[in-house]
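Colleague: I am new to this structure and would like to learn how to read it. Please take me through it feature by feature.

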Amino acid sequence: MNRSPLHSDSKGVSEVSEASPRALEPPLCESSHEGARAAPGFDRAALAQLAARIRAWGRELGFGAIGISDTDLSDAEAGLAAWLEAGCHGEMDYMAKHGMKRARPAELVAGTRRVISVRMAYLPAATLASDADGKPRESLATAASNERRDASREFVGDQGDRGDQGDQGDWRARERARLDDPQAAVVSIYARGRDYHKVLRARLQQLAQRIEAEVGAYGHRVFTDSAPVLEVELAQKAGVGWRGKHTLLLQRDAGSLFFLGEIYVDLPLPVDADDPSSAAPGHAGAHCGSCTRCIDACPTGAITGPYRVDARRCISYLTIELQGSIPEDLRPLIGNRVYGCDDCQLACPWNKFAQAAPVADFDVRHGLDRATLVDLFGWSAAEFDARMQGSAIRRIGYERWSRNLAVAIGNALRAGAALPDAARAALVAALRAREHDASALVREHVRWALAARDD
Ligand code: SF4
Ligand code: SF4
C-alpha cells in the first residue's frame, strides 16, 4: 500500500514498511489459487490481448492504473538487506522474517512469472472537493492544467521554495489547519474510511476471477499490503509510478494518495517495460528534481535522506506499529497525529493532482476528519470496538489508540496561548478520567501528558 512511508520497502537503508505505510500487517490479505498451471495454447498475440483486457477490467473495477512487470527485483536486494541490517524496521520483525523472498516473487509463490500491480485512489471525494473552510471547491478541473504546468516547472531547476502559492482553497490547506489546532485529533487520511485491505482484496479477487474465466485455472495469489511484497519496486517496474524521495510511489496525474495491490500470476504476460508508451520512469525520483519538501516537512526527521526513511522515527510506525511505550524524546514531535501521518505527502507538490477515491468505502466515517482529542479519548473500549468495526484503526486496539491520544493531549497542553483555558481544562479532565486506566501503558502516557501542565 502506498499509505505512508512505512509501507515502502526496499531501496536505501531505510525505507520503512506502506503505508503505508509498507507491509504493516502480516500477510492476512492474501488469497491464492496455487498449483494450477496456465492454460496452454496462448501465443504471443493472445497474451497481449489478455494483458489489454486485464487493464480494461482493472479500470472497470476502479483501479487508477494497472501495470505488469517481471519478477526480477535483484537491484533492490542490496538496499533491502542493508535496511534490515541497520534495524530501520524497528519492531516490524515480519519484515525480516521472509528474508530475500520479498525481493524474489517466484520464491514466495512458486511458479510466479509476472506481477500485476494496481493502484486505487483513497482521498475521499468530499475531502478533495472542499476548501479550507470545508466548502465545495469551484472550478477544480479548470485549475488543474495550470497547476500541473506550475508543478512541472518546479522540478526542472533550482526553483527554491515557491511555497504553495495558489494553494489556498486546496484540501491540503484544511489538513494543515487541523495540524495547527491543538484540540484536533488528526487521523491519517487513508484510515478515515473502511479498511482498505478488505476493499482492495475484494476487487483484486474479482480481477483474478475475470482472468480465470478467460484462461481457465491458473496459479495466482493476491496481495494487499502484505509484508513479503516489495510493492513500490514492483509498481515502479510496471509503470504505475516512480518512487519519490519520501519512498512512496508517485504519479504525475495522481500524486501519492493511493493504495497499491498486486496479483502474482504464472502467466507469461507481456510486461509493460516492453512497451515504450507505458514504460515506468527509469529511476527513483524520476520527477522529483531538486525538490526536498517532503524531507524538510517531516516532523521527526525520519526521512534521513532522499529515499531513506528510518521507521523507528516515523510517526506512522510510532502510532501504528510500535507496540509499547513511545520514546519520550519523540513524543513532542508527534503533535496531534493520533494514527499515522501525512505530512510528507501534504508537502509534495504532486499531490495537487491527487484523485478522488472511486469507491464510497473510503468516505470518512464517524467524523474522523473533524474529531477532537477530548471526544476520542472519552471513548470506552466498547465504543472503540463498535465504531472502529471495519476500520484499519481497529487493528492497533484500544490500548495503543489510547496511548496515542494521551501523547497528543500532552502536546496540546504544551501549546501555551494557542489553547484557551476552557479547552485546557477539558483536556486535563479527560486525562484525569483515565489516570487509573487498567492498562499500565496508558497510565504511563497519561502521567507524561499530565506533567505537561507544569512545563
Ligand atoms: S512526514 Fe515523516 S513521520 Fe510523517 S509519515 Fe512521512 S516520514 Fe513518517
Ligand atoms: S515532495 Fe518533492 S522530493 Fe518529495 S516526493 Fe514530492 S516531488 Fe519528490
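Colleague: How many bridges join β2 to strand β3, and which way do the two run?

Modeller: This is a predicted model, and what follows is read from its coordinates. Strand β3 covers residues 114-121. Five bridges join it to β2, and the two strands run antiparallel. One pair to look for is Ile68 with its bridge partner in β3, Ile116.

Colleague: Is strand β2 enclosed or open?

Modeller: The general idea is to count neighbours: a residue is buried if 20 or more other C-beta atoms lie within 10 Å of its own. In strand β2 (residues 65-69), five of the five residues are buried, so the strand is largely enclosed by the rest of the structure. Ala65, Gly67 and Ser69 point one way, Ile66 and Ile68 point the other way, and all are buried.

Colleague: Which strand does β3 join through eight bridges?

Modeller: That strand is β8, and β3 and β8 run antiparallel. Ala121 stands opposite Phe258 in β8. Strand β5 (residues 220-223) is also joined to β8, by four bridges, and these two run antiparallel. There, Phe223 has Glu262 of β8 as its bridge partner.

Colleague: How many residues of strand β8 are buried?

Modeller: Eight of the eight residues of β8 (residues 258-265) are buried, so this strand is largely enclosed by the rest of the structure. Phe258, Leu260, Glu262 and Tyr264 point one way from β8, while Phe259, Gly261, Ile263 and Val265 point the other way. The residues on both sides are buried, Glu262 among them.

Colleague: Where is Gly111, and what does it touch?

Modeller: Gly111 lies in the loop between α4 (105-108) and β3. Leaving aside residues up to four places away in sequence, Gly111 touches Gly219 and Asp266. Sequence distance and spatial distance should be read separately. Gly111 and Tyr264 are 153 residues apart in sequence, but their C-alpha atoms are 9.2 Å apart in space. Gly111 has 17 other C-beta atoms within 10 Å, so it is partly exposed.

Colleague: What about Trp83: which helix holds it?

Modeller: Trp83 is in helix α2 (residues 74-85). It is buried, because 26 other C-beta atoms lie within 10 Å. Its C-alpha atom is separated by 9.8 Å from that of Ala96, 13 residues apart from it along the chain.

Colleague: How should I describe two helices that pack together?

Modeller: Two packed helices are described by the angle between their axes and by the distance between the axes.

Colleague: What are those values for α16 and α18?

Modeller: Helix α16 (residues 397-413) and helix α18 (residues 440-451) pack at an angle of about 5°, with their axes 8 Å apart. That angle makes α16 roughly parallel to α18, because angles under 35 degrees count as roughly parallel. On the α16 side, the contact includes Glu399, Arg403, Val407 and Leu413. On the α18 side, it includes Leu441, His445 and Trp448. By class, the residues of this contact are nine nonpolar, three polar and two charged.

Colleague: Which residues are closest to each ligand?

Modeller: Start with the shell, then look at its classes. Ligand 1 is surrounded by 15 residues, and the closest are Cys298, Cys314, Cys341, Asp343 and Cys344. Helices α11 (315-321) and α13 (343-347) each supply at least two residues of that shell. The shell around ligand 1 has 10 nonpolar, four polar and one charged residue. Ligand 2 is surrounded by 13 residues, the closest being Gly244, Cys288, Cys291, Cys294 and Cys348. Its shell divides into eight nonpolar, three polar and two charged residues.

Colleague: Where do Thr247 and His366 lie, and what are their phi values?

Modeller: Thr247 lies in the loop between β6 (242-243) and β7 (249-250). Its phi is near 85°, a positive value in a residue other than glycine. Thr247 counts as buried because it has 35 C-beta neighbours inside 10 Å. His366 is in the loop between α13 and α14 (373-377), and its phi, near 55°, is also positive in a residue other than glycine. With 18 C-beta neighbours inside 10 Å, His366 counts as partly exposed.

Note on methods:
Residues are numbered from 1 along each chain as its sequence is written. Chains are lettered from A and ligands numbered from 1 in the order in which they are written. This is a predicted model: local features need pLDDT of at least 70, side-chain atom pairs count only at pLDDT 80 or more; totals for chains, interfaces and linings use all residues. A residue is near a molecule or strand if its C-beta atom, placed from the backbone, lies within 6 Å of it. Ala, Val, Leu, Ile, Met, Phe, Trp, Tyr, Cys and Pro count as nonpolar, Asp, Glu, Lys and Arg as charged, and the others, Gly among them, as polar. Axes are lines fitted to C-alpha atoms, for helices over the stretch in contact, and angles run from 0 to 180 degrees between N-to-C directions. Angles under 35 degrees count as roughly parallel, over 145 as roughly antiparallel, 65 to 115 as roughly perpendicular and the rest as oblique. Two residues are in contact if their C-beta atoms, placed from the backbone, lie within 7 Å. A residue is buried if 20 or more other C-beta atoms lie within 10 Å of its own, exposed if 12 or fewer, and partly exposed in between; C-beta atoms are placed from the backbone. Two strands pair if DSSP finds at least two bridges between them.
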